[in-house]
Amino acid sequence: SVLEGYNGTIFAYGQTGTGKTFTMEGNRSVPELAGIIPNSFAHVFSHIGKAEEDATFLVRCSYLEIYNEEVRDLLDKNHKTRKEVKERPDVGVYVKDLLSFVVKNMEDMEKIMTIGNKNRVVGRTNMNE
């Protein structure tokens, strides 16, 4: 559906230490170990590269985290500010004031992921021991 113009979300949920980060990101320096996010973007940009010349595409990327029931924009300079989840009949469910950046290729997406990863909360529980 994303390739037909619908919004897409990649979402991981689970207990600390269960492999969500590796599943989503993988090892970006080893192509065979790329995670769901880089593989999804590679698929999208491959599709765009094969599209007819008169087709236009707009790819935007946001990066948020839900941790201890708080929603945070990992791309916001003030990434510790809580964001609100809202719903409107015309747009559906959305995160108020969530930043979104246009990405034109895999390199742009990698930059977004790197910025967002620096702002993530990394929890430590007995599951990590």
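Partly exposed here is the band between buried, under 20% relative accessible area, and exposed, over 50%. Keep that in mind for the close-ups below, all taken from a predicted model.

**View 1. Glu 70 and Arg 82 meet across two strands.** At 30% relative accessibility, Glu 70 falls in between those cut-offs, so it counts as partly exposed. Its side chain and that of Arg 82 form a salt bridge, with 3.9 Å from N to O. Glu 70 sits in strand E3 and Arg 82 in strand E4, so the pair ties together parts that are twelve residues apart in sequence. Arg 82 itself counts as exposed, at 55% relative accessibility.

**View 2. Strands E2, E3 and E4 make an open sheet.** The order is E2-E3-E4, and the pairing is antiparallel. E2 (64-67) and E4 (82-83) are the edge strands, each pairing on one side only. Zoom in on E2 and E3 (residues 70-73) and you'll find four bridges joining them. Here Tyr 67 stands opposite Glu 70 of E3, the Glu 70 that also meets the side chain of Arg 82.

**View 3. E5 and E6 form a hairpin.** Three residues lie between the two strands. E5 covers residues 85-88 and E6 covers residues 92-95; they run antiparallel, with four bridges joining them. For a handy landmark, look for Glu 87, which stands opposite Val 93 in E6.

**View 4. Val 95 is a buried residue of strand E6.** Its place is in E6, and with a relative accessible area of 17% it counts as buried. Leaving aside residues up to four places away in sequence, Val 95 touches Leu 64, Val 71, Lys 83, Glu 84 and Val 85. Arg 82 is 13 residues from Val 95 along the chain, and their C-alpha atoms are separated by 10 Å.

**View 5. Lys 83 and Asp 76 pair up while buried.** Their side chains meet in a salt bridge at 3.2 Å, N to O. Lys 83 has 15% relative accessibility, so it counts as buried. Asp 76 is buried too, with a relative accessible area of 18%. Lys 83 turns up in the previous view as well, among the residues that Val 95 touches.

**View 6. Asp 90 and Arg 88 form another salt bridge.** The structure holds six of these in total. In this one, the side chains of Asp 90 and Arg 88 meet at 2.6 Å, N to O. Asp 90 is exposed, with a relative accessible area of 58%, whereas Arg 88 is partly exposed, at 37%.

Note on methods
Residues are numbered from 1 along each chain as its sequence is written. This is a predicted model: local features need pLDDT of at least 70, side-chain atom pairs count only at pLDDT 80 or more; totals for chains, interfaces and linings use all residues. Side-chain values use heavy atoms; hydrogens and water are left out. Two strands pair if DSSP finds at least two bridges between them. Buried means under 20% relative accessible area, exposed over 50%, partly exposed in between (1.4 Å probe, protein chains only). Contact means heavy atoms within 4.5 Å. A salt bridge is a side-chain nitrogen of Lys or Arg within 4 Å of a carboxyl oxygen of Asp or Glu.
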